[in-house]
Amino acid sequence: ATVKSVCDGGTAAACSDNAPFLVKGSLSMGFAAVAVSGSHGLVGDANCGQCFELKFVDRVHPEGNWGGAHSDLVEKSMVVQVTN
C-alpha cells in the first residue's frame with residue numbers, strides 16, 4: 001500500500017459502516033477482517049485492501065461433515081475486501 005491513510009493526511013479510506021451490499025441478484029460485496037498468520041496464504045499489511053471472490057457451493061468437505069453454503073446462497077458470489 002503506497003497511499004497514506006486519511007488518518008495520516010492521505011486519501012485512502014474504508015466505508016464507515018462496513019456493511020455488505022448487493023450488486024445484483026447473484027453478487028454482493030463486503031469487507032472482512034482476515035487472520036493473517038501466513039499459514040492461510042495471507043501475510044498481513046501486504047493483503048490489506050486486496051479483494052477476494054467467495055463462491056458459495058453446496059459441497060461438504062471430505063474430511064468431516066462440515067462446509068457447504070446455505071441453500072439460499074448456493075451459486076452466488078461475494079467479493080470481500082481485506083480491511084485489517
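**A chat about the model**

Analyst: Let's start with Glu75. Glu75 is exposed, because its relative accessible area is 70%, and over 50% counts as exposed. Keep in mind that this is a predicted model.

User: Where is Glu75 found?
Analyst: Glu75 lies in the loop between strand 3 and strand 4.

User: What is phi of Glu75 near?
Analyst: Phi of Glu75 is near 80°. That is a positive value, in a residue other than glycine.

User: What about phi of Asn18?
Analyst: Phi of Asn18 is near 50°. This value is positive too, and Asn18 is not glycine. Asn18 sits in the segment before strand 1. Asn18 counts as partly exposed because its relative accessibility is 34%.

User: Zooming out now. How many helices and strands does the protein have?
Analyst: The protein has 0 helices and 4 strands. From the N terminus on, the elements run β-β-β-β.

User: In what order do the strands form the sheet?
Analyst: The order is 1-2-4-3. The sheet is open, and its pairing is mixed.

User: Which are the edge strands?
Analyst: Strand 1 and strand 3 (51-55) are the edge strands. Each of them pairs on one side only. Neighbouring strands of this sheet are turned by 30° against each other on average, direction ignored.

User: Which residues make up the largest nonpolar core?
Analyst: There are 6 residues in this core: Ala32, Val34, Leu42, Met78, Val80 and Val82. Strand 4 gives the most to the core, with 3 residues.

User: How much of the protein counts as buried?
Analyst: Of the 84 residues, 14% count as buried.

User: What radius of gyration does the protein have?
Analyst: The protein has 16 Å. A compact globule of 84 residues would have a value near 12 Å. The C-alpha atoms fill a box of roughly 50 × 35 × 15 Å, taken along the principal axes.

User: And contacts? What share joins residues at least 24 apart?
Analyst: That share is 52%, among contacts between residues at least 6 apart in sequence.

User: New topic. How many disulfides are there?
Analyst: A search of the whole structure finds 0 disulfides. Cys48 is in none, and the nearest cysteine sulfur, that of Cys51, is 11 Å away.

User: How exposed is Cys48? And Cys51?
Analyst: Cys48 counts as partly exposed because its relative accessibility is 35%. Cys51 is partly exposed as well, at 49%.

User: Last one. What does Val6 touch?
Analyst: Val6 touches Thr11, Ala12 and Ala13, not counting residues up to four places away in sequence. Val6 sits in the segment before strand 1 (21-24). At 45% relative accessibility, Val6 is partly exposed.

Notes
Residues numbered from 1 in each chain as written. Predicted model: local features only at pLDDT ≥ 70, side-chain atom pairs only at ≥ 80, totals over all residues. Heavy atoms only, no water. Helix = DSSP H or I, 4+ residues; strand = E, 2+ residues; numbered from the N terminus. Buried < 20%, exposed > 50% of the residue type's maximum accessible area, 1.4 Å probe, protein only. Contact = heavy atoms within 4.5 Å. Pairing = 2+ DSSP bridges. Axes fitted to C-alpha atoms, helices over the stretch in contact; angles between N-to-C directions. Core = buried A, V, L, I, M, F, W, Y, C linked by side-chain atoms within 4.5 Å. Disulfide = S-S within 2.5 Å. Rg over C-alpha atoms; globule rule 2.2 N^0.38 Å.
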